[in-house]
Amino acid sequence: MEEMQGVEDDNHNCRAEAVSVCSPAQVCVDSDSCSDTCESTSALLLNSTAKFHLNVMTAEEYKTVYWPKLEQAIEHLLTQSPMEHISISYEQIYSQVYKCVCQQHSELLYNDLMWKIRSHLEQVSSELQNKFYIETKLNRDLRDDLMKLFSDHVAEKHVGTLLPLLKKAHSMPFQVKPSTMASVVKGLYALRPDWVPLAPALFSRFIPQIHPPALESQLLYYADQDKKLQLELHQNGFSRGDQSRKRASEES
C-alpha cells in the first residue's frame with residue numbers, strides 16, 4: 001500500500017508540475033505550447049486595450065467635435081420654414097448620439113439638448129414680445145418701418161440712376177428678363193408709390209390700375225401708343241407672324 005501511495009503521490013506531483021495556468025479560462029497541459037498561447041493572448045488583450053483607449057471620447061472632444069454638429073442639426077430643425085427643405089443626415093445624427101451615449105456622455109448630451117431647446121424658446125418668446133409691443137402698443141407694423149428705413153437710406157439715393165436704366169432696358173424687349181424687370185419695378189412701387197410719376201409708362205406695364213380709367217376722348221392716343229409699340233417690336237426683330245396663314249387655318 002505504501003508503494004502504491006508513493007506511486008500515486010509521484011504521479012500527482014508530476015501532474016501538478018505539468019499543469020500551468022495561463023488564464024482563468026485556460027488550462028495548458030503542455031508548458032511549451034502554453035507559453036506561446038499565453039503570449040498571443042497577452043498581445044491580443046494589449047491590442048484590445050490600446051484600441052479601447054484610442055476610441056475613448058473625452059469631454060473636451062465631445063464639446064468641440066460632436067456637440068457642435070448635433071447643435072447645428074437641431075438649429076436647422078427648429079428654425080427651418082415649412083416651405084424650406086434642408087438636407088440632414090439622420091443616420092449620421094443617430095450615429096453621433098449613439099457614440100456619445102456609449103462613451104458615457106449621455107448626461108452632457110441631455111443637458112446640452114435642454115439648454116438648446118430652452119434658449120430657442122426664450123428667443124421665440126422675446127420675438128413675440130417685441131412684435132406685441134410694436135403692433136399693439138405703437139400700432140405699427142415692423143415690416144413697414146424697416147421698408148421705410150431702406151427706402152430713406154438706400155433706395156431714395158439711387159432711384160434717380162435706376163429708373164433711367166430701367167426705362168432704357170424696357171425699351172429694348174428682352175434685354176432684361178421680364179420676370180426680373182417686373183420684380184424690380186414692383187419692389188420700387190412697394191417702397192414708394194409716389195415714384196410712379198417719375199416713370200409712369202414703366203410702372204403701368206407691371207402695376208395694374210396705375211392710370212385712371214380710359215376715356216373715350218383718348219382712344220386715338222391709345223391707338224397711337226399701340227402702333228408705336230408694335231413698330232418697336234418689329235424693329236427689334238419681333239414679327240407678328242404670317243397673318244394670311246392664320247386666316248387660312250381659321251377659315252378651314
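Leucine 113 lies in helix α5, which spans residues 106-137. The model is predicted. At 32% relative accessibility, leucine 113 is partly exposed. Together with Tyr110 and Met114, Leu113 makes a nonpolar surface patch of about 270 Å².

Nonpolar side chains also gather in the interior. In soluble globular proteins, such side chains tend to be buried together. The largest nonpolar core here has 17 residues. Leu163, Met181, Trp195, Leu202 and Phe203 touch the most other members. Three helices each supply at least two residues of this core: α6 (142-171), α7 (178-191) and α8 (200-206).

Neighbours within four places in sequence are set aside here. Its remaining contacts are Ser151, Ala155, Glu156, Val159, Leu188 and Phe203.

Now the cysteines. How many disulfides does the model contain? The count is zero. A disulfide is a covalent bond between the sulfur atoms of two cysteines. The table sets out two cysteines.

| Cysteine | Relative accessible area | Closest cysteine sulfur |
|---|---|---|
| Cys100 | 0%, buried | Cys102, 9.5 Å |
| Cys102 | 42%, partly exposed | Cys100, 9.5 Å |

The cut-off for a disulfide is 2.5 Å. Cysteine 100 is buried, whereas cysteine 102 is partly exposed.

Terms used
Residues numbered from 1 in each chain as written. Predicted model: local features only at pLDDT ≥ 70, side-chain atom pairs only at ≥ 80, totals over all residues. Heavy atoms only, no water. Core = buried A, V, L, I, M, F, W, Y, C linked by side-chain atoms within 4.5 Å. Buried < 20%, exposed > 50% of the residue type's maximum accessible area, 1.4 Å probe, protein only. Helix = DSSP H or I, 4+ residues; strand = E, 2+ residues; numbered from the N terminus. Contact = heavy atoms within 4.5 Å. Patch = residues over 30% accessible without salt bridge, like charges linked within 9 Å, V, L, I, M, F, W, Y side chains within 5 Å. Areas by Shrake-Rupley, 256 points an atom, 1.4 Å probe, with all protein chains shown as cover. Salt bridge = Lys/Arg side-chain N within 4 Å of Asp/Glu carboxyl O.
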